[in-house]
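Subject: Structure handover

Hello,

Here is the structure for your files. My notes on it follow below.

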Amino acid sequence: MLRPQLLTSLSTYSKATLRADFFAGITVAMVALPLSLAIAIASGATPAQGLITAIVAGFLISALGGSTVQIGGPTGAFIVVVAGVIAQYGYDGLVLATAMAGGSCWSRAGCGQAA
């Protein structure tokens, strides 16, 4: 059964782990936020939409992820895909396609999980 790592690691979470996670989050944000702005602009979305997407996705990946050592953030390779979807279906189409892909993953008990 799919169980977010957040639920299993809370029992052993300490102040030192919180401090380390805070600084790791700042480091990832320094790379992810400017990259999300660039991807949004290159894809035809507004910078605000890119920023909101990066922040919401970052929190969801952190809260629902299956590992305590994973990093989730924008990837430059997706600019072509995102730009194509936005050009043909608009920003709402991109949000719908992303939600459908996420729902498909969750319905199969989690994408990328070892069998």
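Angles under 35 degrees count as roughly parallel, those over 145 as roughly antiparallel, those from 65 to 115 as roughly perpendicular, and the rest as oblique. The angles themselves run from 0 to 180 degrees between N-to-C directions, and the axes are lines fitted to C-alpha atoms, for helices over the stretch in contact.

This is a predicted model, in which local features need pLDDT of at least 70 and side-chain atom pairs count only at pLDDT 80 or more, while totals for chains, interfaces and linings use all residues. Residues are numbered from 1 along each chain as its sequence is written, and side-chain values use heavy atoms, with hydrogens and water left out.

Overall

The protein has four helices and zero strands, in the order α-α-α-α along the sequence. Helices here are DSSP runs of H or I with at least four residues, strands are runs of E with at least two, and both are numbered from the N terminus. Of the 115 residues, 16% are buried; that word stands for under 20% relative accessible area, exposed for over 50%, and partly exposed for what lies in between (1.4 Å probe, protein chains only). The exposed surface comes to about 8200 Å², with 71% of it supplied by carbon and sulfur atoms. Areas were computed by the Shrake-Rupley method with a 1.4 Å probe, and for residues only the protein chains shown count as cover. Among contacts (heavy atoms within 4.5 Å) with a separation of 6 or more, 62% are between residues 24 or more positions apart.

α2 with α4

The axes of α2 and α4 cross at roughly 45 degrees and come within 8 Å. The two helices are therefore oblique to each other. Their crossing is right-handed, a label used when the near helix is turned clockwise from the far one by less than a right angle, with anticlockwise giving left-handed. On the α2 side the contact uses Ile 39, Ala 42 and Ser 43, and on the α4 side Ile 79, Val 82, Ala 83 and Ile 86. By class these are six nonpolar, one polar and no charged residues. The classes are: nonpolar for Ala, Val, Leu, Ile, Met, Phe, Trp, Tyr, Cys and Pro; charged for Asp, Glu, Lys and Arg; polar for the others, Gly among them.

Ala 87 also sits in helix α4. Its relative accessible area of 69% makes Ala 87 exposed. Ala 87 and Ala 45 lie 42 residues apart in sequence, with 9.5 Å between their C-alpha atoms.

α2 with α3

Helix α2 (residues 15-43) packs against helix α3 (residues 47-64) at about 135 degrees, with the axes 8 Å apart. That angle makes α2 oblique to α3. The crossing of this pair is right-handed. Leu 33, Ser 36, Leu 37, Ala 40 and Ile 41 of α2 meet Pro 47, Gly 50, Leu 51, Ala 54 and Ile 55 of α3. This contact has eight nonpolar, two polar and no charged residues.

Ala 38 is in helix α2 and is partly exposed at 39% relative accessible area. From Ala 38 to Gly 50, twelve residues along the chain, the C-alpha separation is 8.0 Å.

The loop between α3 and α4

Thr 68 is in the loop between α3 and α4 (79-107). Thr 68 counts as exposed, at 57% relative accessibility. Leaving out residues up to four places away in sequence, Thr 68 touches Gln 5 and Ser 9. Thr 68 and Leu 6 are 62 residues apart in sequence, and their C-alpha atoms are 7.8 Å apart.

Regards
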